[in-house]
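Hi,

Here is the structure I promised to pass on.

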Amino acid sequence: MAIRNTFILLFSALLFTQSSAASDKDEFIGTWLLVHSQVLNESGNWQVPENSVGMIGSISYSANGYMSFQSSRSNRSEIPDGSIDDMPIEGLRALLSSYSAYYGTYAIDEENGTVTHNIIASSFPSGAGTSTVRTYSFSGSQLTLLNGENRRFVWKRP
């Protein structure tokens with residue numbers, strides 16, 4: 001009888017542990033800050049590309065399936081007199097290229113280790129209505145999103 005009760009207790013504990021384990025979706029929920037963006041160079045090493053030096057950003061995932069992303073250069077140009085109306089084209093180009101954002105819904109495919117961002121609106125209008133698939137992994141308090149095979153974004157919890 002004691003062996004049977006011990007077996008039932010251990011089996012119940014195993015079931016409870018498996019059902020209470022966090023899913024990947026639970027791990028995603030919240031806000032993440034950009035640690036760095038890297039590209040895979042020809043030697044097979046990850047490096048921060050010149051156009052990503054000084055980038056800051058955040059990505060957030062809500063429990064109800066919405067997400068948002070923003071990145072910016074930490075040293076963005078000032079807008080003279082607070083108005084873009086009189087800025088030269090070079091200044092406007094620099095301003096536009098130093099900030100990126102989008103929001104939409106997301107779906108996680110745990111079996112394949114991917115997250116799909118379904119973009120509703122973007123700082124680049126051509127992005128609206130598109131989807132982007134990222135391979136993901138978690139390591140401690142970091143989230144890594146792989147964009148294709150040669151670019152990755154590493155995020156951390158604030």
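**What I found**

Glu-78 counts as exposed, because its relative accessibility is 70% (buried means under 20% relative accessible area, exposed over 50%, and partly exposed in between, with a 1.4 Å probe and protein chains only). Glu-78 sits in the loop between β4 and α3 (89-97).

Before I go on, a word on where the numbers come from. This is a predicted model, where local features need pLDDT of at least 70 and side-chain atom pairs count only at pLDDT 80 or more, while totals for chains, interfaces and linings use all residues. Residues are numbered from 1 along each chain as its sequence is written, and side-chain values use heavy atoms, with hydrogens and water left out.

Back to that loop: Ile-84 is also in the stretch between β4 and α3. Ile-84 counts as partly exposed because its relative accessibility is 44%. Leu-95 turns up again here, eleven residues from Ile-84 in sequence and 9.6 Å from it in space, C-alpha to C-alpha.

**Overall layout**

The protein chain has three helices and nine strands (DSSP runs numbered from the N terminus: H or I of at least four residues for helices, E of at least two for strands). From the N terminus on, the order is α-α-β-β-β-β-α-β-β-β-β-β. Of the 158 residues in the chain, 26% count as buried.

**The pocket**

How much space lies in the largest pocket? About 420 Å³, where a volume is the space filled by probe spheres set on grid points joined across faces, edges and corners. The lining has 22 residues, and the closest to the pocket centre are Phe-69, Ser-71, Ser-100, Arg-134 and Phe-153. For the record, a pocket is an open set of points on a 1 Å grid over the protein atoms alone where a 1.4 Å probe fits, with protein on both sides within 12 Å along at least five of seven lines, and lining residues have an atom within 4 Å of a point.

At least two lining residues come from each of β1 (30-40), β3 (55-61), β4 (66-73), β5, β6 (114-122), β7 (131-139), β8 (142-147) and β9 (151-156). By type, the lining splits into ten nonpolar, ten polar and two charged residues (Ala, Val, Leu, Ile, Met, Phe, Trp, Tyr, Cys and Pro count as nonpolar, Asp, Glu, Lys and Arg as charged, and the others, Gly among them, as polar).

**A few other spots**

Arg-73 lies in strand β4 and is partly exposed, with a relative accessible area of 24%. The C-alpha atoms of Arg-73 and Gly-57 are 8.5 Å apart, although the residues are 16 apart along the chain.

Asn-51 is in the loop between β2 (46-47) and β3. It is partly exposed because its relative accessible area is 47%. Ser-97 is 46 residues away from Asn-51 along the chain, and their C-alpha atoms are separated by 10.0 Å.

Tyr-103 belongs to strand β5 (residues 99-109) and counts as partly exposed, at 40% relative accessibility.

Cheers
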